[in-house]
Amino acid sequence: MMMKLQTRIEFDQMSFTKMASLFSRQYGQMLKGHVMNNVSACVANISLMNQINYKKILLCHPVSCHTDSLSYKQSESRYSATKFHKPLTTNEAVLLKEIESNGDIDSLFALLRTKRSWLTTAHIGAAMINLLGQQKLIVDEHVDQTRNYVRLHPEFNGLCILAENKVRDMDNSTLVNTLYALLKFMSDRPHSLVTEMICEVDRRLSTFTINELAIFAACSQDTLDPKSVLLGKVTECFHIFIQEEPMDVRDAATILRATVGVTSYKFRKQIYKRLLNLFVEHQNEISTNDLRKILQSISISGERPKQLLQECCSLLQLRLKSLSIWELSTIYHSLDGFYDENLQNDIVEQMENKLPACKNASELINVITVLAPTASPQLKFQLEELANAALPKASIFDLGNLCVALRLMGFRVPSHLISSIADKFEKNSDHVQFTTLLKVVEFFQNTRLPLDDPFFKFLEIKVLSFYQTAISPLRMLGITYLLSLLPIKNLDPDIITRLDKMIHQYNVASINQLFLALTRISKKLDKSINDNIGISNLLQKSNMQAVEKISDVTSVVYLNNMIHHMLDEGYNSNSLLISTVMEHYSKCLHRLTPQLAVECSRSVIKTRFLQIKLLDAIADITSKSMFKVSPREVLSLLSPYCILNYRPQNTPDFFNICLRRFIPFMDHVPSIFLLDIAYLLSLVEIFPEDLLKKLFNLQVLIKLEEEVEARPKRIMYRQRLMQLNRALVIECSHLQVPWFHEDYCLEILKARRMHFPKVLKSLQSCLSVILGGPQFFRSFVLSPYFYEIDFECILDGSGNPLPCADYGSVLNRSGQVTSNVLSDLMQWGTQTKQLPEGAQRIAIDFLSKSQFCLNSRHPTSMVAVKKRHLESMGYKYIQIPHYVWDSLTLSEHDDEVSYLRDLIFNKDSTLSPVAQRHSQLVERDQHGSVSKGSVEEEAVIIKLLHLLDRVS
């Protein structure tokens, strides 16, 4: 039996190739085409049988055949090494020149058909490269047509079959170049030749040069998973080359782009350092494509190598006018908003200039994706018209990009454009890729289409069609995410079962995304006990799995990336996982560097998690090495301390150190950057005069208005400017900055909708009992300078309430806001009666969870600033935290009334025991010296003691 199998293995396809050659020469042109195709098919089938039989031998005799397989591979590699360097004969060399010089696709196929028996591996590689070169010369409008013509041509299929039989005879250069050319024609379709070539590359990867490694790395982006084992082997080879071998920027950038998902942080730092050296050595040889790949790699890694970014951006700045629309679009999205704002603005300007000349649908959609986020209302209207015009000629891939652009533009209202996109997607969705489906679903989920629209059901069916063939855990996660966006009414239990089996393969960020998706699905499902139990069990298991994975992390970089990916879902992320990750930072503080400290500060402000140990460590490290922090990074460094209202205990001079680092560079940053720094410092009562005088210069304010108008978050920046203006008027009157935001505040007030939550209704009823009726207090009041107050009352010198209608024309917004009421706003001092001597206005605010840090009862800076400003205006300001009002101590209505009465009528020194205890614990908690449950536990004890007193 073994002898028969061995005979069948040795009877390889080379003998059939010789037979085909002899047969074709004997019978000439008569039967050549049919016979060669049939013989090639036989060769392919017998080659497959040989592989199967060889695997059977290995399975039947694992011990002996393991040694045989090793010797087989060694002999094969020695055979290939000698075979690769076999010189061409004179006739073969002439044929090679004919193939290389042929300039027409049909004539090239005709030449290949007549000379098929003479073709060697060199001829096959030259033919593939020639076809690719001719395709690059085709006009963009006919590229897809030409690609389909080539790959469906019978001679191209015959060439692929012949190449598959000669893969092991190819040298390294021919192998990778043929694979690269083949993928340009077959990137969206599986092909046995591609699989065979990748297996051959895996066998001989260690023999590749740096150039051959770079070509294969470019191929791997279309064929391999970003974290595949083969890419890990490519990274190992690259690690050797980067230390020893000479290379150019093109090869290094290509390999970095392909392997960025499997490289470590330390290795990427080595690559960035080597690239900087190559920039100096080959500055004139660096192409725009290389710069694009470097920026894309940096964007994917989430890092900010300052010197390398500056070099890339400065070179791109000089070449913007010569770049194509596709290159401009790719570079713009790679910058991602924080690398070089000047370069991004220049790209936007270039896109606006190129907009009228766009005729190709793909180019037009690329322009729309760049201009949409910052477009003015007039430009949005123009982009909508252009999108309508480009839609009939757009491919299904372009349709996905258009959906992304419209979502960024805030396009939600049902219109002709939305219905046209839905119709086109339904007609052309047979071969849609999953990423395109993801973009379409995310766009339509944000539109205002009715939930019973048939298109949503079509999208659900399309998503479930991917579930039938889903094997990868990431694909299952994507399917679950899409289902959570659609208005589904039931979920296949098999999906829950499969996710349960895959849960151990997910990282923390993926578990967080799965948790949110399942939570959204559970809210939409019909009330089915089995479904709810299955989802709740999976949610519990996912949290346990994530906590275990977090405990094994020792890298600060990994923790930062984890937070970044978890918050991609917004602030609705799993708070348990975020808290676990943030607490785990305290075990990695010894690994902090100044640059990592800046990244950690970004993580803190994104989560609003008061990690005191981490913040103290960041302040300590950066204060000692502030010269390693760039002036622009000072903004990120200050943000958590200023917004979360925390002053580092070990470095009291931290804010001044940051300020001294930034002030010398004020003239070199955008005006909007000055606004951010001044606003943050105002939250902690720091008002640097040099910075404020420069910011409130008329020319700078005009420039600031232009910059704000071009930002997608323009509302946030206008709000910050108003708050800074208010703080300067109240706290820094000596600077003589006028209050110039009254009209802006009135406009905001007109557009704002009123909301009266249940907790405020309970407060309102308690105040009515305490003060003696609703006429003694106001709801939803605006103070001078437009601070919103939940309730206001007035007490005379003896502590008796006064009717609010007689004193002050402040705005009562508990009813509908009208223009007549707005016209009386801010007429402070025009009341019919003056306040009696000793009378005082009392402002009462309820503090919700959003006004505290995520993990504690420490209020944010906005709460402290409001208290400071209202007290400066003569108010007695009372804050009622949510954790006090919702506690068991105030579970009874009488307890709530007693608690409010103590706060309104008594001073702190004469508060009741319950109110005094709450006040002390809150004060201690704001300094970080009390646990989260202390207020609750001690308040319950006090309540029990009061109960015993009543019983006795």
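Reader: What volume does the largest cavity have?
Author: The model is a predicted one. A search of the whole structure finds three cavities of 30 Å³ or more. The largest cavity has a volume of about 60 Å³.

Reader: Which elements give two or more residues to the lining of the largest cavity?
Author: The lining of the largest cavity includes Tyr 679, Ser 682, Gln 723, Arg 726, Met 862 and Val 865. Tyr 787 is also one of the lining residues. The elements that contribute two or more residues are helix H36 (671–683), helix H39 (714–731) and helix H43 (861–872).

Reader: How do the residues of the lining of the largest cavity divide into nonpolar, polar and charged?
Author: Among the lining residues are Leu 683, Ala 727, His 869 and Arg 726. Arg counts as charged, and Leu and Ala count as nonpolar. For the lining of the largest cavity, the division is six nonpolar, three polar and one charged.

Reader: Are H30 and H31 roughly parallel or roughly antiparallel?
Author: Helix H30 covers residues 556–566 and helix H31 residues 575–584, and their axes lie 10 Å apart. The two helices pack at an angle of about 160°. Angles over 145 degrees count as roughly antiparallel. H30 and H31 are therefore roughly antiparallel.

Reader: Is the crossing of H30 and H31 left-handed or right-handed, and which residues of H31 make the contact?
Author: The crossing of H30 and H31 is left-handed. From H30, the contact is made by Leu 559, Met 562, Ile 563 and Met 566. The residues of this contact divide into eight nonpolar, one polar and no charged. On the H31 side, the contact residues are Leu 577, Ile 578, Val 581, Met 582 and His 584.

Reader: How are H8 and H10 arranged relative to each other?
Author: Helix H8 (residues 143–151) and helix H10 (residues 172–186) pack with their axes 9 Å apart. The angle is about 115°, and angles of 65 to 115 degrees count as roughly perpendicular. H8 and H10 are therefore roughly perpendicular to each other.

Reader: How many residues of the contact of H8 with H10 are charged?
Author: H8 supplies Arg 147, Val 150 and Arg 151, while H10 supplies Lys 184, Phe 185 and Met 186. Arg and Lys count as charged. The contact has three nonpolar residues and no polar ones, and the number charged is three.

Reader: Leaving aside its neighbours within four places in sequence, which residues is Ala 218 in contact with?
Author: Ala 218 is found in helix H12 (residues 210–223). Its C-alpha atom is separated by 9.9 Å from that of Thr 259, 41 residues apart along the chain. Beyond neighbours within four places in sequence, the contacts of Ala 218 are Tyr 180 and Thr 254.

Key: Residues numbered from 1 in each chain as written. Predicted model: local features only at pLDDT ≥ 70, side-chain atom pairs only at ≥ 80, totals over all residues. Heavy atoms only, no water. Axes fitted to C-alpha atoms, helices over the stretch in contact; angles between N-to-C directions. Helix = DSSP H or I, 4+ residues; strand = E, 2+ residues; numbered from the N terminus. Parallel < 35°, antiparallel > 145°, perpendicular 65-115°, else oblique. Left-handed = near helix turned anticlockwise from the far one by under 90°. Contact = heavy atoms within 4.5 Å. 1 Å grid on protein atoms, 1.4 Å probe; cavity = no way out; pocket = protein on both sides within 12 Å on 5 of 7 lines; lining within 4 Å. Points joined across faces, edges and corners; volume = space filled by probe spheres on them.
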